[in-house]
Amino acid sequence: MKKQRESQCTQKTISLLSPLGKIQVSGCENGVHTIQILMDVAPAERSSEAPLSCVVNDSPAETSPELLRCVEWLQAYFSEPQTTGSLPLPAFHHPALQGDAFTSHVLQVLLREVKFGQTVSYKRLAEMAGNPKAVRAVGGAMRRNPVPLLIPCHRVISSSGQSGPYMSGKGDHLKQWLLTHERTRGED
């Protein structure tokens, strides 16, 4: 039944240019399905041409209010990140964020409890989610997060204080950039 419901969605995609590179936001009238950070250019090559903010690169003629809300939130995150706490989040419409599965629960706890500029260990997040032994499962939930940045899986670090993997290890440099961005912009 879930697959059938999701397949009835008419998804649209908006492409953004950000300091991280190209970001694609996909969703329907009911909410945001996914945010993909496309690592199309190496960070060293990107830095000279990357915008300091987040600008729309490509957008369909008709866009749902939820996708527009997501774009506004992302634009604020990159230009005035300390203001995102007062902005409404878009609705989410992805199966991983529906229901009471552990992944959904952990992602909701992360979204609700770990604020801008803060970090939390995988172990502490497992405890916060009510299952202190589920440290590896928390890591799995972070890997399955369909809406990174909005649900800030980049704020989850190892107990040793190391940043830990991001985007299955391919985006570790992006995680470092995001953590530094929040640390330095939070001081403004």
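**Salt bridges, cysteines and a helix crossing**

The side chains of Glu113 and Arg112 meet in a salt bridge, with 3.3 Å from N to O, where a salt bridge is a side-chain nitrogen of Lys or Arg within 4 Å of a carboxyl oxygen of Asp or Glu. Glu113 is partly exposed, with a relative accessible area of 41%, and Arg112 is likewise partly exposed, at 47%; here buried means under 20% relative accessible area, exposed over 50%, and partly exposed in between, with a 1.4 Å probe and protein chains only.

The model is predicted, so local features need pLDDT of at least 70 and side-chain atom pairs count only at pLDDT 80 or more, while totals for chains, interfaces and linings use all residues. Residues are numbered from 1 along each chain as its sequence is written, and side-chain values use heavy atoms, with hydrogens and water left out.

Seen as a whole, the protein chain has seven helices and six strands, taken as DSSP runs numbered from the N terminus (helices H or I, at least four residues; strands E, at least two). From the N terminus on, these elements follow one another as α-β-β-β-α-β-α-α-β-α-α-β-α. Of the 188 residues in the protein chain, 44% are buried. Among contacts in the protein chain between residues at least 6 apart in sequence, 63% join residues at least 24 apart, a contact being heavy atoms within 4.5 Å.

In helix H3 (residues 65-79), Arg69 and Glu66 lie three residues apart, about one turn of the helix, and their side chains meet in a salt bridge at 3.0 Å, N to O. Arg69 is partly exposed, with a relative accessible area of 29%, whereas Glu66, at 15%, counts as buried. In helix H5 (residues 122-128), Glu127 and Arg124 are also three residues apart, about one turn of the helix, and the closest N and O atoms of their salt bridge are 3.4 Å apart. Glu127 counts as partly exposed at 33% relative accessibility, and Arg124 is partly exposed at 42%.

The cysteines come next. A disulfide is a covalent bond between the sulfur atoms of two cysteines. With a disulfide taken as a pair of cysteine sulfur atoms within 2.5 Å, the count comes to zero. Cys9 is in no disulfide, and its nearest cysteine sulfur, that of Cys28, is 3.6 Å away. Cys9 counts as buried at 15% relative accessibility, and Cys153 is buried too, with a relative accessible area of 7%.

How do two of the helices cross? The axes of helix H4 (residues 102-113) and helix H6 (residues 135-143) come within 9 Å and cross at roughly 80 degrees; axes are lines fitted to C-alpha atoms, for helices over the stretch in contact, and angles run from 0 to 180 degrees between N-to-C directions. H4 is therefore roughly perpendicular to H6, since angles of 65 to 115 degrees count as roughly perpendicular, under 35 as roughly parallel, over 145 as roughly antiparallel and the rest as oblique. From H4 the contact is made by Phe102, Thr103, Val106, Leu107 and Leu110, and from H6 by Ala137, Val138, Ala141 and Met142. These residues divide into eight nonpolar, one polar and no charged, where Ala, Val, Leu, Ile, Met, Phe, Trp, Tyr, Cys and Pro count as nonpolar, Asp, Glu, Lys and Arg as charged, and the others, Gly among them, as polar.

Finally, Ser121 has its place in strand S5 (residues 120-121) and counts as buried at 16% relative accessibility. Not counting residues up to four places away in sequence, Ser121 touches Val156, Ile157, Ser158 and Ser159.
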